[in-house]
Amino acid sequence: MGTLGRARLAAAAGQARTLGMDGERRASQALSSGLPEGGAGGESPGDGGPVPGSSGSSALLQAEVLDLDEDEDDLEVFSKDASLMDMNSFSPMMPTSPLSMINQVKFEDEPDLKDLFITVDEPESHVTTVETFITYRIITKTSRGEFDSSEFEVRRRYQDFLWLKGKLEDAHPTLIIPPLPEKFIVKGMVERFNDDFIETRRKALQKFLNRIADHPTLTFNEDFKVFLTAQTWELSSHKKQGPGLLSRMGQTVRAVAWSMRGVKSRPEEFMEMNNFIEMFSQKINLIDKISQRIYKEEREYFDEMKEYGPVHILWSATEEDLVDTLKSVASCVDKCCKATEKRMSGLSEALLPVVHEYVLYSEILMGVMKRRDQIQAELDSKVEALTSKKADTDLLTEEIGKLEDKVECANNALKADWERWKQNMQNDIKSAFTDMAEENIHYYEQKDHCGCLWVSVEQSWM
């Protein structure tokens, strides 16, 4: 064999070894989590390696938590003492779809292959004798083979989104389901069918669906597929196939009973997770209140300032000697108004929705922890019954074995999704505040320009 042939053979062998090692690593990760490789029970936390599709950095970015005083007037919010954003590396769970196997064999530096794109648009009002509601058009484009077509178009109302969220929580009780926008409006904010409110809700619903589509487990949920593809009558028929009212009531009663009983010994890692959630909830709620207050004050300032321009224009019509000066003042006020309006737009579009979404996430996290504790409480109850021999020992032993597997799967799913959520949260909040800082810099640069105009106006008065 010639030199060139040996070189090609060596290169081929090296590539085979690389793929083999990659497969062994994924298999060991799956075994360590107690799940089959790429299983739907939750993604494994990973071995601390780099995230596929990242820029190549081996460590996740560290962020400092906003440490806010109880007094809302204190805006000195930065603290280096508490680090809620301390992150660990993780490896996303591979897709379970047979038609998405192409995603499973790839090098670490290869970007993720997105194969599901969802758009929510064209809100439409419907008025009936019973109610008035709004539907949204949902367009789905996909290259997945398990879909009958590459593009779907359906219309859904808010109640359909609520149904989907409930089905995802039932199927994956310890995964972090993305939040939906609230059903009811905060009193005094906006009208229910106000155009601004409808547009804000449309964006939130689109984000909700795309977060599910990007999730390594939720994206392959059958109810999610039905939601995206079924016509209205088909979706109504599918909803009726779920458990009956009595069955749901029984599940609810049992869940309440386990939650009232509580858990005797929550694992340390979940104690830390619960403490994180409580602290995060306090701080993100306070940030949300401060952001809303800042926006309200900016709005009042803008509404007052925009009245001054027309006043100076009218004034110039009665003062022949001051025409140019008064028009310059009006021009300066107009520039300040435009700069302020742009800053308000950045605040309402870049920061407020992100902060409020994570306020809703904090409530979802509490629900996830509660469901995890319910599963463990049920196991604790069976173990206690077995110890006291209050029931059939053989039957209890079998039930305990099943519950132990259920608890392990629930814990693994939550731990894996927890790391994924923390990374997304860190990136989202960092991006929102960075964008807001850039908007503020640009705003004050424009204000400085307005200040120079004011100086020239003052000189012209002298």
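**View 1. The cysteines C332 and C336.** A search of the whole structure turns up zero disulfides, a disulfide being a pair of cysteine sulfur atoms within 2.5 Å. C332 is in no disulfide, and the nearest cysteine sulfur, that of C336, lies 4.5 Å away. C332 counts as buried because its relative accessibility is 0%, and C336 counts as buried because its value is 6%. Here buried means under 20% relative accessible area, exposed over 50%, and partly exposed in between (1.4 Å probe, protein chains only).

A word on the model: this is a predicted model, in which local features need pLDDT of at least 70, side-chain atom pairs count only at pLDDT 80 or more, and totals for chains, interfaces and linings use all residues. Residues are numbered from 1 along each chain as its sequence is written, and side-chain values use heavy atoms, with hydrogens and water left out.

**View 2. Helix α2, residues 158–171**. Helices (H or I, at least four residues) and strands (E, at least two) are DSSP runs, numbered from the N terminus. The 14 residues of α2 should span 20 Å at 1.5 Å a residue, and the end C-alpha atoms are 20 Å apart, which agrees; the expected span is 1.5 Å times one less than the number of residues. Which residues of α2 are buried? They are Y158, D160, F161, W163, L164, K165 and L168. An α-helix has 3.6 residues a turn, so residues three or four places apart point the same way.

**View 3. The whole protein chain.** Here you can find 10 helices and three strands, arranged along the sequence as α-β-β-β-α-α-α-α-α-α-α-α-α. Of the 462 residues in the protein chain, 39% are buried.
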